[in-house]
Amino acid sequence: MFQWLKGDARQSFFGKETAKSIEKLKSVTVGYTAPDFTVPDSSGKLYSLRTFRGHYLLVDFWASWCGPCKGEIPYLKEAYTRFHDKGFRILSVSLDDKRDAWMNALHTFQMPWPQVSDVNGFHSVVNELYPIPSIPKTLLLDPEGKIIATDLRGHALDQRLEQLLK
């Protein structure tokens, strides 16, 4: 519908805000390239999305307080174990706003892939790029960084990786 707006309508405050929203939605839409970001892990090491190019990557948005997120961890571990040697990677982005809670969850769940967070919750620099209104949220990226699937939960992730990484 936005494409039908002309002239002043597109240049108005609401037209410009709508254009920004449309661009932001592309960052979580199949077929678009995921925008790059750089965020530290718990030790301060910086991770950028672009460093995972060449691999299938699951970007996992989660938080320590999110029950459904924690319920997905066994499935993520299973997929990581099965497909890591075939080129599959995971980058978990925590939307926690309490460092202690995030650190306790990392200790409790022992996830072997990179975990990053700026510990600003839904005000995270990553959430500025990706409209993540609720979690869990996952984006499966191809080796070029293009989104090829979203919200693969449970065994659906395994099934998709089975197709991709035969």
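Is Tyr80 buried or exposed? In this predicted model, Tyr80 has a relative accessibility of 13% and therefore counts as buried, since the limit for that class is under 20%.

Tyr80 belongs to an aromatic pair. Tyr80 sits in helix α3, while Trp113 sits in the loop between α4 (99-109) and β5. These two residues are 33 residues apart, and their pair thus links distant parts of the chain. Trp113 is also buried, with a relative accessible area of 3%.

The model contains five aromatic pairs. Another of them joins Trp65 and Phe122, whose ring centres are 6.4 Å apart and whose planes meet at 45°, so this pair is tilted. Trp65 lies in the loop between β3 (56-62) and α3 (67-83), and Phe122 lies in the loop between β5 (115-116) and α5 (125-129). Because these positions are 57 residues apart in sequence, the pair ties together separate parts of the chain. Phe122 has a relative accessibility of 30% and so counts as partly exposed. Elsewhere, Phe37, Phe61 and Tyr130 form one aromatic cluster.

The next element to consider is the sheet. It is an open sheet of five strands in the order β5-β4-β3-β6-β7, with mixed pairing. Its edge strands are β5 and β7 (147-150), each of which pairs on one side only. Helix α3, which carries Tyr80, packs on this sheet and touches β3 and β4 (88-94). The direction of α3 makes about 155° with that of β4.

On one side, β6 pairs with β3 in the antiparallel sense over five bridges; here Asp60 stands opposite Thr138 in β6. Strand β6 is also joined to β7 by three bridges, and these two strands run antiparallel. Across this second pairing, Leu139 stands opposite Thr150 in β7, and Leu140 stands opposite Ala149 in β7. Together β6 and β7 form a hairpin with five residues between them. In the turn, Gly145 has a positive phi of about 95°.

How many residues of β6 are buried? Five of the five are, so the strand is largely enclosed by the rest of the structure. Both faces of β6 are covered: Lys137, Leu139 and Leu141 are buried on one side, as are Thr138 and Leu140 on the other.

With a relative accessibility of 1%, Val39 counts as buried. Which residues does Val39 touch, leaving aside its neighbours within four places in sequence? Its contacts are Lys45, Leu46, Tyr47, Val116, Ser117, Asp118, Val125 and Val126. The C-alpha atoms of Val39 and Ser92 are separated by 11 Å, although these two residues are 53 residues apart along the chain.

Technical notes: Residues numbered from 1 in each chain as written. Predicted model: local features only at pLDDT ≥ 70, side-chain atom pairs only at ≥ 80, totals over all residues. Heavy atoms only, no water. Phe/Tyr/Trp six-rings, centres within 6.5 Å; stacked < 30°, edge-to-face > 60°. Helix = DSSP H or I, 4+ residues; strand = E, 2+ residues; numbered from the N terminus. Buried < 20%, exposed > 50% of the residue type's maximum accessible area, 1.4 Å probe, protein only. Contact = heavy atoms within 4.5 Å. Pairing = 2+ DSSP bridges. Axes fitted to C-alpha atoms, helices over the stretch in contact; angles between N-to-C directions.
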